[in-house]
Amino acid sequence: MATERYFKKLLSLQENFSVKIITGLRGTGKTALLKKFAARLQNDGVNSDEIIFIDFEEREDIRDFRRLYEVVSGKLSDSERMYLLFDNIQLVKDWEKAVNAFFVGSPAEIYLTGTSEGVMTGELKKILPDNIDIVQLFPAGVSDFPNGEEKFEDFINFGGLPEVLNFGGDKESLPKFLNGLYYEIVFKDIVAENMIRDAGLFDSLLRYLARNIGNPIKPAEIYKYALSINRSITTFTLENYLNIAETSGLVRRVRRYDIKNDTKLNGSERIYFVDNGILNAALNFSPDGQAKLIKNAVFMEFLRRGFDVKSGRLGTATVEFFATSGEEKIFAQVQTDENEKMRTTLLRPLKKLVNLKKSEKILLISLKSGKMRKGVEVIGIKDFLGR
């Protein structure tokens, strides 16, 4: 299961000279992972007074770095090794200052949780650029689902958040449940935490992005849509809203690159949601959303496997997904229907890439697996997600 993979990774980082940061969308299991780690420490013989665990959602009296330093300093012992486990640290203003003081001034192992890597590492990288380890949590994938005939369809339509996997009601109630979860994440968490003034516009913007999943979108197109909702919106505010959607861990923005030169291209970008269930809620569970859900699932599967994903061009070939992990490189396109003419159209740019190194794969991810086409592997979506 995914939780075991994350737990093993967290254990492997013990005694690294670093601050360990666990990030992920609300509900992906960050708190549960941190509590499991605390229990493991005690099972390994660490005394309870050597572990300081604070959930800042429960400690409203700690909301700035000075108060955090005051509270924790009073609990630090003379032990050779302390463990500081801070859950939802982003709720503390300027928390990086206190964490830096603990990291430099005490023999402490520090573990933090927060919503996104961007929020958690932005300022900390300036202070401790070489002393940060990240454990990124994602919703479960198909391979994490219990065996069953319908697990692929369930994953595509309802996603892999723990609250959904542990849902006790009937399947017909899941859309209503996910609509409520979408509301809590967007309005109770993101809008409230970031003090967004026009919550309605932010919600409309997310739903617009959902309807354009997988499509290259130009900033001017997004701005034109935003203006149709709020005539006074500025490009600065719009970009701020897009950044908030990303740094909250809800969406991922994929910029276009000239892949050969590894340089960013101006203009359009692709945007994906980190969970299919939340995406489907943003789409109002429209029956026309299946193609978008499949493309979104492919993107997230690459991330789940530890790939960095870009899009763009390589020479004259347009590349939907360029996924890299170490020396491994994958060029991929996604086909969401069984139209043979469309398959030929999608294969055309991929065939331009056949003279690549052996470490570089070329995939057409389709509804059904097929024969190798001039160096392009045709793999079914179920096979790709279930690997």
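Author: On a 1 Å grid over the protein atoms alone, a cavity is a set of points where a 1.4 Å probe fits but cannot get out, and its lining residues have an atom within 4 Å of a point. The model is predicted: local features need pLDDT of at least 70, side-chain atom pairs count only at pLDDT 80 or more, and totals for chains, interfaces and linings use all residues. Residues are numbered from 1 along each chain as its sequence is written, and side-chain values use heavy atoms, with hydrogens and water left out.

By this rule there is one cavity of 30 Å³ or more. The largest cavity holds about 40 Å³ of space, a volume being the space filled by probe spheres set on the points, which are joined across faces, edges and corners. Its lining consists of Pro139, Ala140, Phe155, Gly159, Gly160, Val274, Asp275, Asn276, Met300 and Arg304. Five of these lining residues are nonpolar, three polar and two charged; here Ala, Val, Leu, Ile, Met, Phe, Trp, Tyr, Cys and Pro count as nonpolar, Asp, Glu, Lys and Arg as charged, and the others, Gly among them, as polar.

Met300, one of the lining residues, is also touched by Phe273, where contact means heavy atoms within 4.5 Å. Leaving aside residues up to four places away in sequence, Phe273 touches others as well, including Leu206, Leu209 and Ala210. Helices are DSSP runs (H or I, at least four residues), numbered from the N terminus. Because 11 of its 13 residues are buried, α10 is largely enclosed by the rest of the structure.

Definitions and conventions: 1 Å grid on protein atoms, 1.4 Å probe; cavity = no way out; pocket = protein on both sides within 12 Å on 5 of 7 lines; lining within 4 Å. Buried < 20%, exposed > 50% of the residue type's maximum accessible area, 1.4 Å probe, protein only. Helix = DSSP H or I, 4+ residues; strand = E, 2+ residues; numbered from the N terminus.
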